[in-house]
Amino acid sequence: MGPTIDQYLVANCLYMIDEFNMLYKGWDKPELKIEADEKFNEMDIIVRLGYPFKQNAHYTAGESGRIKKAQKINHDLYIGQRDFKIEVKYLKNWVSSANTRAASKSWSVFQQDFDWLMDEIDNGKNGKVAFVIGWFNCVDSFSQLIQLGTGNGAYPLADERKLAYFPFLIKKDENAPKQTKNLAYDYVNAYIESPVRISSKRKGKYRCMFIGEKDDKFHFALYYGECKMITN
């Protein structure tokens, strides 16, 4: 089987983080936030992730919309040489009608991607599929970029069902309520594979790896199936 998809992607993600650290050295978070929201989009991240694969990378992002009656393609990158399928989501904010910065995608979009990944793993594609979420480290709370609450209030409680997909989030203060604003990155366990424990009848073993350090300008969360490299 050779190296698995996560082993390739970890290296690609580290290259990208190095690129942004050099490009935005000395930038503070408010300045970086404007850059992240107004300059970058998902395709910018997809192309960077695929670049190390050179001519083996096929960019399928948006392809189903160009082909009449085509079924939705649930991955943005296909690496033919390795039969890898990679779905990518880039987190940013849009200016809402109330002139506030709102999360760019609803939770249902992420749930669909998690379901796709787990379906593929359950159907024998372990080591061949991955879901990558990337974002600039420019906000005080991860919940500013993705809907993690049980409601729409200013300070909602965290939804445990959603949090199961983000094992790298911990409470800033153990004695504080588990509100979305009180969640912080667990940098101590960055680069360590963590289980994604969801309450379901799924048979697969799903893993998450958080990639990034406190001073890094960009962070990643990688999702894939439990799989060990097999050598010939």
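Predicted model: local features only at pLDDT ≥ 70, side-chain atom pairs only at ≥ 80, totals over all residues.
Are Phe142 and Phe166 buried or exposed? Phe142 is buried. So is Phe166.

Phe142 and Phe166 form an aromatic pair. Their centres lie 5.5 Å apart, with 65° between the planes. Planes over 60 degrees apart count as edge-to-face, so this pair is edge-to-face. Phe142 sits in the loop between strand 6 (129-136) and helix 6. Phe166 sits in the loop between helix 6 and strand 7. The two parts are 24 residues apart in sequence, so the pair ties them together.

Phe166 has another partner to follow. Across the model, the count comes to 34 aromatic pairs. One of them joins Phe114 and Phe166. This pair is also edge-to-face, at 6.2 Å centre to centre and 80° between the planes. Phe114 belongs to helix 5 (residues 107-122), whereas Phe166 is in the loop between helix 6 (160-163) and strand 7 (169-171). Here the pair ties together parts that are 52 residues apart in sequence. Phe114 is buried, as is Phe166.

Next, turn to the strands. What does strand 3 pair with in the parallel sense? Its parallel partner is strand 6, over 7 bridges. Strand 2 (residues 77-79) is joined to strand 3 by 3 bridges, and these two strands run antiparallel.

Lys85 gives a way to trace both pairings. Tyr78 stands opposite Lys85 in strand 3. In strand 6, Val129 is the bridge partner of Lys85. Strand 2 and strand 3 make a hairpin with 4 residues between the strands. In that hairpin, Asp83 takes a positive phi near 60°.

By type, the lining of the second largest pocket divides into 7 nonpolar, 2 polar and 4 charged residues.

Terms used
Residues numbered from 1 in each chain as written. Heavy atoms only, no water. Phe/Tyr/Trp six-rings, centres within 6.5 Å; stacked < 30°, edge-to-face > 60°. Buried < 20%, exposed > 50% of the residue type's maximum accessible area, 1.4 Å probe, protein only. Pairing = 2+ DSSP bridges. Nonpolar A, V, L, I, M, F, W, Y, C, P; charged D, E, K, R; others polar.
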